[in-house]
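Q: I have a new model open on my screen and would like to learn how to read it. Could you take me through some features step by step?

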Amino acid sequence: MRERVMKAVDVSQNAVHSPDDLYSQLTATKKYLVIGLLLVLFLGILAAIIIGSASVGPKEVFQVILSRIIPSYSGEYSALAETIILDLRLPRVFLAVLAGFCLAGSGAVMQGVLRNPLADPYILGISAGASFGAALAVVFGANILQGLGISSIYMMITNAFIFGLLTMLMIYGIASLKGAAPETLILAGVALGYLFSAGVSLLKYVSSHEQLRELTVWLMGGLWGAKWEAVLILLPITVGCLIFLLRYAWDLNALSAGEEVAANLGVNVKILRRNCAIFASLLASATVAFTGIIGFIGLVSPHVCRFIIGNDNRFLIPCSCLMGALLLLAADTLSRTMVSPTEIPVGIITSLIGVPFFLYLLFKQSRRWWG
């Protein structure tokens, strides 16, 4: 009898404490997954620095980096290894990581705000707007801020950045006329994407052979022009925007239950959509300005992380950023080593990965729409 009573007490205590315990366990598990993904990314960065047409060992990598961190340290490495690591591979690797962070984080936020698994900065036409701005700079040398004394070196970057933001503002302005419904935002983005794509095609038609070549290569997307300058510009944009967006993680969780539920919980859905859309667009536009068109990272990464970590945006957004950085880093390493010494644009690699995944999501959603 005493044993039965003790078992009943234990069961009742477990029943009382199980929700909190389960929540704590799930939260701890998600934290461990994010930390694990961060460690995998660190190993991926090390592998990307080592792998290439010129052989560089892990020992040389650590010695070169330590010599820059600690000036008094003198390691045994060649001048060629120092040039390859510091001037070529490290800026490229860091740019790939930052670009992956931006694209994947932007995609995760867009999908949460629009409550649509197919939402992506590129599907919303932001990339088309940014590419049109860059095409203007390439073909006509037209910088809309040239009168402010901005150097011609940043002409294409400035135009891509501004036209990407302008596209998002136009999309939101059009959608506001209908109450900023998610479907209206997507349709407005698709329409503007077609418009800017037509503009890029027209600029290709009137460009010279050299301009056409430069524009075509840029539109394919790649990291071959990576410099420390680009990393230093993109780093504060990435950190600032992601910190701002992470503040809205709880609001995005509430929005996932529906607009009415979110509103009842005190979330201003209109302001949430506006702020998230602007900062997510800022991330995507800044990336396009430095790397060209690299598609599907913002679409694939959040969905992969949903399988791993669930829909809680507090963990989904950082997990998506890490996954995007890892995917883009792997794609870039593959693009520059697959047919070495020739380099394949990384945008081609990411499209080969992303298109089948996009079709899978499309067919999965179509069954929901028509079933």
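Q: Let us begin with Gln111. Is Gln111 buried or exposed?
A: A residue counts as buried when its relative accessible area is under 20%. In this predicted model, Gln111 has a relative accessible area of 3%, so Gln111 is buried. You will find Gln111 in helix 3, which covers residues 79–114.

Q: Which residues does Gln111 touch, not counting those up to four places away in sequence?
A: Gln111 touches Asn116, Pro117 and Ala119, and also Gly298, Leu299, Pro302, His303 and Arg306.

Q: Pro302 and Arg306 were in that list. Which helix do they belong to, and what does that helix pack against?
A: Both are in helix 12, and both take part in its contact with helix 13. Two packed helices are described by the angle between their axes and the distance between the axes. Here helix 12 (residues 297–309) and helix 13 (residues 313–337) pack at about 125°, with axes 8 Å apart. That angle makes the two helices oblique to each other, and their crossing is right-handed. On the helix 12 side, the residues in contact include Ile297, Val300 and Val304; on the helix 13 side, they include Phe315, Leu316 and Met323. Sorted by class, this contact has 13 nonpolar, 3 polar and 1 charged residues.

Q: What does a second pair, helix 4 and helix 7, look like when I read its angle and distance?
A: Helix 4 (residues 126–140) and helix 7 (residues 209–220) pack at about 155°, and their axes are 10 Å apart. An angle over 145 degrees counts as roughly antiparallel, so helix 4 and helix 7 are roughly antiparallel to each other. Helix 4 passes helix 7 in a right-handed crossing. Ala130, Ser131, Ala134, Ala135, Val138 and Val139 of helix 4 meet Gln211, Glu214, Leu215, Trp218 and Leu219 of helix 7. The classes here are 8 nonpolar, 2 polar and 1 charged residues.

Q: Where is Thr167, and how far is Thr167 from Ile126 in sequence and in space?
A: Thr167 is in helix 5, residues 155–176. Thr167 and Ile126 are 41 residues apart in sequence, while their C-alpha atoms are 5.8 Å apart in space. Leaving aside neighbours within four places, Thr167 is in contact with Gly125, Ile126, Gly129, Leu192 and Phe196. Thr167 is also buried, with a relative accessible area of 0%.

Q: What is there to notice about the phi angle of Phe296?
A: Phe296 has a positive phi of about 75°, although Phe296 is not a glycine. Look for it in the loop between helix 11 (269–291) and helix 12. Phe296 is partly exposed, with a relative accessible area of 23%.

Key
Residues numbered from 1 in each chain as written. Predicted model: local features only at pLDDT ≥ 70, side-chain atom pairs only at ≥ 80, totals over all residues. Heavy atoms only, no water. Axes fitted to C-alpha atoms, helices over the stretch in contact; angles between N-to-C directions. Helix = DSSP H or I, 4+ residues; strand = E, 2+ residues; numbered from the N terminus. Parallel < 35°, antiparallel > 145°, perpendicular 65-115°, else oblique. Left-handed = near helix turned anticlockwise from the far one by under 90°. Contact = heavy atoms within 4.5 Å. Nonpolar A, V, L, I, M, F, W, Y, C, P; charged D, E, K, R; others polar. Buried < 20%, exposed > 50% of the residue type's maximum accessible area, 1.4 Å probe, protein only.
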